[in-house]
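These are my notebook entries on one structure. I record below what I looked up, entry by entry.

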Amino acid sequence: MARQNGLIRTTLGLALLASLTLLPAALHAQAPAPAAAGAQLVPLPIQLPKPMFEGTPQNLTIPNLQKPLGRPRDPFLAPAGVTNVAKGKKVTSSDMEPVIGEIEQVTDGDKKGADGSFVELGPGVQHVTIDLGAPHEVYAVLFWHFHKTPRVYLDVVVQLADDAAFKKNVRTFFNNDADNTIGLGAGTDMNYVETAEGKLVDAKGSVARYVRLYSRGNNANELNHYVEAEVFGRPAK
Ligand SMILES: [Ca+2]
Ligand SMILES: [Ca+2]
């Protein structure tokens with residue numbers, strides 16, 4: 001009986017803990033975004049590279065593929081003063097000896113997309129991790145795997161975390177690994193065609209020091225590429 005009581009206490013304790021854990025999330029969901037409380041919202045100062053191809057590819061047989069918008073992406077609003085805080089920041093990777101190029105090219109500011117402008121990582125699942133150097137409020141992650149020709153990169157996942165090993169406070173903001181090949185959980189986001197606009201992922205002002213991007217090859221080959229990755233944010237208060 002004593003044992004049973006102990007079990008009940010433990011269960012109640014866990015239930016209480018769970019409700020306490022859920023509470024801030026529920027509050028956060030209802031509260032206006034931090035910026036909405038008086039701060040001025042302006043479009044992100046995004047600088048796009050020149051497009052390297054025109055039109056929309058029709059022959060891609062990729063499941064769950066997002067239809068191209070057919071016009072420029074809508075401006076993404078964030079507090080005034082938010083900039084690309086990833087430029088020149090340290091990048092590490094699951095493949096520190098790239099097939100082509102250097103890992104530093106992920107944040108070197110060159111996003112032109114021609115040969116020589118991207119780093120090529122080995123086949124299969126690979127990731128790159130950007131260290132912002134200190135905790136930042138992150139509003140958006142914008143990245144170009146490759147935009148010389150239309151391609152679809154597979155199992156794209158974007159995460160933020162408090163530590164370089166991605167153990168502490170890991171948050172996922174994009175995941176199109178529908179069948180959980182990578183093992184980070186099945187994602188519900190759509191596949192998309194790479195263009196000069198890059199892929200913009202809303203990170204909702206979350207505070208983090210580390211940003212990680214996963215992929216698992218693309219529709220043309222098993223290799224992984226990065227032209228550039230940008231993180232729009234500002235130092236956390
Ligand atoms: Ca670059
Ligand atoms: Ca998959």
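What spacing do the donor residues of the calcium ion (ligand 2) follow in sequence? I found the spacing D-x21-D-x1-D-x1-T.

**Entry 1: ground rules.** I note that this is a predicted model, in which local features need pLDDT of at least 70, side-chain atom pairs count only at pLDDT 80 or more, and totals for chains, interfaces and linings use all residues. Residues are numbered from 1 along each chain as its sequence is written, chains are lettered from A and ligands numbered from 1 in the order in which they are written, and side-chain values use heavy atoms, with hydrogens and water left out.

**Entry 2: calcium ion (ligand 2).** I looked up its protein donors and found Asp155 (OD), Asp155 (OD), Asp177 (OD), Asp179 (OD) and Thr181 (OG1), at 2.2 to 2.8 Å. Donors are N, O and S atoms within 2.8 Å of the metal (3.2 Å for Na, K and Ca); water is not among the atoms, so sites may look incomplete. Asp155 sits in the loop between strand E6 (125–144) and strand E7 (157–161), and Thr181 in the loop between strand E8 (171–175) and strand E9 (199–216), 26 residues apart. Strands (E, at least two residues) and helices (H or I, at least four) are DSSP runs, numbered from the N terminus.

Is Asp155 buried or exposed? Asp155 counts as buried because its relative accessibility is 5%, whereas Thr181, at 40%, counts as partly exposed. Buried means under 20% relative accessible area, exposed over 50%, and partly exposed in between (1.4 Å probe, protein chains only).

**Entry 3: calcium ion (ligand 1).** Gln105 (O), Asp108 (OD), Asp110 (O), Val227 (O) and Glu228 (OE) coordinate this ion at 2.2 to 2.4 Å. I found both Asp110 and Glu228 buried.

I then turned to Thr107, which lies in the loop between E4 and E5. Thr107 is buried, with a relative accessible area of 2%. Not counting residues up to four places away in sequence, Thr107 touches residues including Lys87, Ile130 and Glu228. Contact means heavy atoms within 4.5 Å.

**Entry 4: Ala161.** This residue is found in strand E7. Ala161 counts as buried because its relative accessible area is 0%. The C-alpha atoms of Ala161 and Arg212 are separated by 8.1 Å, although the two residues are 51 apart along the chain.

**Entry 5: the whole chain.** I counted one helix and 11 strands. Buried residues make up 42% of the 237 residues. Among contacts between residues at least 6 apart in sequence, 78% join residues at least 24 apart.

**Entry 6: confidence.** Where is confidence lowest in the protein? I found it lowest in helix H1 (residues 2–30), at a mean of 45, and highest in E7, at 99. The pLDDT, the predictor's confidence in each residue from 0 to 100, averages 88 over the protein, and 84% of the residues score at least 70. Where pLDDT is low, the predicted coordinates should not be read in detail.
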